[in-house]
Amino acid sequence: MLGYLFPGQGTVRVGMGAWLRRRPAARERLDRFDALLTRPISPLCARGPEERLVATEHAQVAVTACNLAALAVLTEEGYEPAVVAGHSVGELSALHAAGVLTFDDTVRLVAIRARLMAGVGRTGGMRAVMGLPVEEVEDLAASASEPGEPVVVGLENAPGHVVVSGTLPALDRLAALAVTATKIMTLRVGNAFHSPLMAEAVPEWAEAVRRAPMREPRVPVVPNVTGEPATDLGTLREALIEQLTGRVLWTRTVAAVEAVAPGVEVGDSKVLAGLSRRAGARCLSMADPATLRRLAKTVAA
């Protein structure tokens, strides 16, 4: 048994997906993905430029393309998940892996999500705060927030790895207050995702999600906003909507997956494998050429 973990927007880089094109099943998925878009994403993944690839409207689509191509490799090898989860936009890939969304509807929804989040008018950002417990970061965020200038915990990625989202002045105030943090890093994102600043995108996103055809999941899905396995379609649909402004409870999500099966990061990234190890969980990465061989041993064990 395996738990499938699908990475999100922060894992994009120029050259991503190159190894996937050497696998026939993955190449077919990438070509199909490109054909469903107004403009194919594969050339941007392969050659950049980086500033265009990391832009929200492209990054979310690019990472989803690689996620679904990597999933095709695992399927071709005969693997099936026992439980699935996705980090932020990776949740769409997880819903597809669980049979909730078709391939075509996954592509359609990620294109809508990317467009809506890129189009949010209020300017904000995100920073990773390292070395502090989430409770302390929550207190710092409350102290740094002012009327009209909020900052909140957007992602609980792993113990000692918390991401805050908010307006740029509020982020600066939080950084000044976080004197005991071991490191604070500015993330390459276009706005304050998983925060109230995304609220203007919610109505259209909610309409798109509620209109999307969905089927009962074949395996449990662990939504970001609950961190608990779910099979109820209504719960999964509403969690996907709430995720736009809600906190990503990734530490709890990893624990829920680990309780069922060892994880494998399904995409062209090693970020989630690293976060899992920080949380004391088992996780291999499809971006490691040796993973398929190791997976055979893991499953056999």
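In which handedness of crossing does α9 pass α10? In this predicted model, local features need pLDDT of at least 70 and side-chain atom pairs count only at pLDDT 80 or more, while totals for chains, interfaces and linings use all residues. Residues are numbered from 1 along each chain as its sequence is written, and side-chain values use heavy atoms, with hydrogens and water left out.

The crossing of α9 with α10 is right-handed, a term used when the near helix is turned clockwise from the far one by less than a right angle, anticlockwise being left-handed. Helix α9 spans residues 202-211 and helix α10 residues 233-242, and the two pack at an angle of about 155° with their axes 9 Å apart; axes are lines fitted to C-alpha atoms, for helices over the stretch in contact, and angles run from 0 to 180 degrees between N-to-C directions. Helices (H or I, at least four residues) and strands (E, at least two) are DSSP runs, numbered from the N terminus. The pair α9 and α10 is therefore roughly antiparallel, the word for angles over 145 degrees. On the α9 side, Val-202, Trp-205, Ala-206, Val-209, Arg-210 and Arg-211 meet Arg-237, Glu-238, Leu-240 and Ile-241 of α10, where contact means heavy atoms within 4.5 Å. By class, this contact of α9 with α10 holds six nonpolar, no polar and four charged residues (Ala, Val, Leu, Ile, Met, Phe, Trp, Tyr, Cys and Pro count as nonpolar, Asp, Glu, Lys and Arg as charged, and the others, Gly among them, as polar).

Helix α9 also packs with helix α6 (residues 103-118), at an angle of about 175° and with the axes 10 Å apart, so α6 and α9 are likewise roughly antiparallel to each other. Here Leu-109, Ile-112, Arg-113, Arg-115 and Leu-116 of α6 make the contact with Glu-204, Trp-205, Ala-208 and Val-209 of α9, and these residues divide into six nonpolar, no polar and three charged.

Turning to the strands, four of them form an open sheet in the order β2-β1-β7-β8, with parallel pairing; two strands pair if DSSP finds at least two bridges between them. The edges are β2 (83-86) and β8 (283-285), each of which pairs on one side only, and neighbouring strands are turned by 20° against each other on average, direction ignored. Strand β7 (residues 263-265) is joined to β8 by three bridges, and Val-264 stands opposite Leu-284 in β8.

Two helices lie across β1 and β2: α5 (residues 90-97) runs at about 155° to β2, whereas α11 (residues 250-258) runs at about 165° to β2.

Notes:
Angles under 35 degrees count as roughly parallel, over 145 as roughly antiparallel, 65 to 115 as roughly perpendicular and the rest as oblique.
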